[in-house]
Amino acid sequence: MNPQIISSYDGGAHNADLNKTVSRLSKTGSYKDMSCVMIVPCFGSIPTKAVASWMNLYSPPNAKFTRLFAVGMEVGHAFSTAIESILAHPDLQNWKYILTLEHDNLPPPDGIVKLLEAMDKHPEYACIGGLYFTQGPQGVAQVWGDPKDPVLNFRPQIPIPNTVQECCGTGMGFNLWRMEMFKDKNLPRPLFETKTQGGVATQDLAFWANARKLGYRCAIDTSVRVGHYDLDGKRGGIPDMVW
């Protein structure tokens, strides 16, 4: 502690400029219902580097937050099954958000609160994800498709730093979704399905191909920087590498 003269009263740093503090709290939306269910599909084990990252994640104070782990399922089946079980639960179905987190993604400690803030600011989006790249030296940003193109496509876009960037589809690695979206009976079931016939498509972009037809929009918050961990080097060629 620095040498100092202590007075009988100190109202605290947050009280010193109450208008500034109120503005900050209004911006983050932490006083609102930010209830969130996190879904993690995994194949029985999770890399230590991923777990270390997840242990640093924090959610808004006193907000309802819980975690579900789907073990031993193909990734599309894991997401679909977990979401349907949430929608069938008498309590969880009334929560506001679902957070998807994949077993090899390393989000920043403030990733959840930043995505919640972005979703509160942008009600036009049904989903906002963090920015991460495909694995390997030639990795591209998972900001799939330019919505300004009149023809729906999922070509990887160049990320625009520190913005909420609209796209046609997202990965699933670290995404915040509005619960209400999944209650739409017009969305084909199963919700997430890896396509192997009539053109190969991963479960995430196969979902967005359907969701875009119903008017749902998505974006990536490029200020939320997420690592993509390759434990054994099978995808990127370099074991124990974060891309």
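The following legends describe close-up views of a predicted model.

In this predicted model, local features need pLDDT of at least 70 and side-chain atom pairs count only at pLDDT 80 or more, whereas totals for chains, interfaces and linings use all residues. Residues are numbered from 1 along each chain as its sequence is written, and side-chain values use heavy atoms, with hydrogens and water left out.

View 1. Seven strands form an open sheet of mixed pairing, in the order 2-1-3-9-5-10-7. Strand 2 and strand 7 (164-167) each have a single partner strand and stand at the edges, so one side of each is left without a neighbour in the sheet. From one strand to the next, the twist averages 25 degrees. Strands (E, at least two residues) and helices (H or I, at least four) are DSSP runs numbered from the N terminus; two strands pair if DSSP finds at least two bridges between them. Axes are lines fitted to C-alpha atoms, for helices over the stretch in contact, and angles run from 0 to 180 degrees between N-to-C directions.

View 2. Seven of the seven residues of strand 1 (residues 36-42) are buried, that is, under 20% relative accessible area with a 1.4 Å probe and protein chains only (exposed is over 50%, partly exposed in between). Cys-36, Met-38, Val-40 and Cys-42 cover one side, and Val-37, Ile-39 and Pro-41 the other. Strand 1 runs parallel to strand 2 (residues 65-71), joined by seven bridges, and Cys-42 stands opposite Val-71. With strand 3 (residues 97-101), strand 1 pairs in the parallel sense over four bridges; here Cys-36 has Tyr-97 as its bridge partner, and Met-38 stands opposite Leu-99.

**View 3. Helix 4 on the sheet.** Helix 4 (residues 75-87) lies across strand 1, strand 2 and strand 3, at about 150 degrees to strand 1. Contact means heavy atoms within 4.5 Å.

View 4. Most residues other than glycine have a negative phi, and most peptide bonds are trans. Asn-62, in the loop between helix 3 and strand 2, has a positive phi of about 65 degrees and is exposed, with a relative accessible area of 84%. Asp-240 has a positive phi of about 55 degrees and is partly exposed at 42% relative accessible area; its loop lies between strand 11 (227-230) and strand 12 (241-242). A cis peptide bond with omega of about -5 degrees joins Arg-189 and Pro-190, and Pro-190 is placed in the loop between helix 6 (179-182) and helix 7 (203-213).
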